[in-house]
Amino acid sequence: PIHWEDRMWKIRRRINANDVLRITLCSIGRTQTSYLKEGIAIYLDRLKHYGKVEWVELPDVAQKGLSKEQLKQKEGELILRQLKSEDELYLLDEAGKSLSSRAFAEWLQKRMNAGTKSIVFQIGGAFGFSDDVYARAQGKISFSAMTFSHEMIRLLLVEQLYRGFTI
C-alpha cells in the first residue's frame, strides 16, 4: 500500500528534479527508422515533466581506411569533447551492470538524492568505446544479454528512463 506521505514525497521529488537534474542521451549517428524516431519523440515529450532531457546525436565517423581501434578512438574523441566536467557518464555496454526496471528507478533516485546535476547516457558505435571513454565513465549499464541494434536501444533507453521516473 502506498501512503499519502510517500506519494507526496515522490511528487515533490519530481518537481524538484526539474530544477536540478539534466539528462543527456547521446548516440553516434542519426536515428533513421521512422517508427523508432516516433517512439523516441513520444517518450522525450513525456520526460519533460521530470527534468531537462535532451538527445544528442553525434555525427558518424567516416570509416574508410580506419581500423576498429582507430574508429573507436575517433568516436571517443567526439564523445569526450561534448562532455562537461560535471557530467556523470554512463555507458550502455554489453559488459555493463544489468538492472531490472525497478532497480534502475532506484539507481536513478539515488543519483538525484546525491545531488547529481547532470547524467549522460552514451550509446557507442558499432565496435564499442575507446579506452579513454571507459576511463572517463562512472559506470556501465547493460539492457540485456541479447544484442539490439544501436537504433533500437535508443528507444529502449528513453522508455526505461521514463519508466524509471514513473515506477
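Q: Which side chain does the side chain of Ser118 make a polar contact with?
A: In this predicted model, the side chain of Ser118 makes a polar contact with that of Arg22, at 2.9 Å.

Q: And what else does Ser118 touch?
A: Leaving out residues up to four places away in sequence, Ser118 touches Leu21, Arg22, Glu86, Asp87 and Glu88.

Q: Is Ser118 buried or exposed?
A: Ser118 counts as buried because its relative accessible area is 1%, and buried means under 20%. Ser118 sits in strand E4, which covers residues 118-123.

Q: Changing topic: what volume does the largest pocket have?
A: About 440 Å³. There are 21 lining residues, and the closest to the pocket's centre are Leu92, Asp93, Glu94, Phe148 and His150.

Q: Which elements give two or more residues to that lining?
A: Strand E3 (87-98), strand E5 (139-142) and helix H6 (150-166). The largest share comes from E3, with 3 residues.

Q: How does the lining of the largest pocket split by class?
A: The lining has 12 nonpolar, 7 polar and 2 charged residues.

Q: Now the largest nonpolar core: how many residues, and which have the most contacts inside it?
A: That core has 26 residues, and Ile23, Leu25, Phe121, Val158, Leu161 and Phe165 have the most contacts inside it. Among the elements giving two or more residues are strand E1 (22-28), helix H2 (34-47) and E4. H6 supplies the largest share, 6 residues.

Q: Which residues does the second core include?
A: The second core is separate and has 14 residues, including Cys26, Val61, Ile79 and Val120.

Key
Residues are numbered from 1 along each chain as its sequence is written. This is a predicted model: local features need pLDDT of at least 70, side-chain atom pairs count only at pLDDT 80 or more; totals for chains, interfaces and linings use all residues. Side-chain values use heavy atoms; hydrogens and water are left out. Helices (H or I, at least four residues) and strands (E, at least two) are DSSP runs, numbered from the N terminus. Buried means under 20% relative accessible area, exposed over 50%, partly exposed in between (1.4 Å probe, protein chains only). A polar contact is a pair of N or O atoms within 3.5 Å; within protein, one must be able to donate a hydrogen and the other to accept it, and residues adjacent in sequence count only if both atoms are side-chain atoms. Contact means heavy atoms within 4.5 Å. On a 1 Å grid over the protein atoms alone, a cavity is a set of points where a 1.4 Å probe fits but cannot get out, and a pocket is an open set with protein on both sides within 12 Å along at least five of seven lines; lining residues have an atom within 4 Å of a point. Grid points are joined across faces, edges and corners, and a volume is the space filled by probe spheres set on the points. Ala, Val, Leu, Ile, Met, Phe, Trp, Tyr, Cys and Pro count as nonpolar, Asp, Glu, Lys and Arg as charged, and the others, Gly among them, as polar. A nonpolar core is a set of buried Ala, Val, Leu, Ile, Met, Phe, Trp, Tyr and Cys residues joined through side-chain atoms within 4.5 Å.
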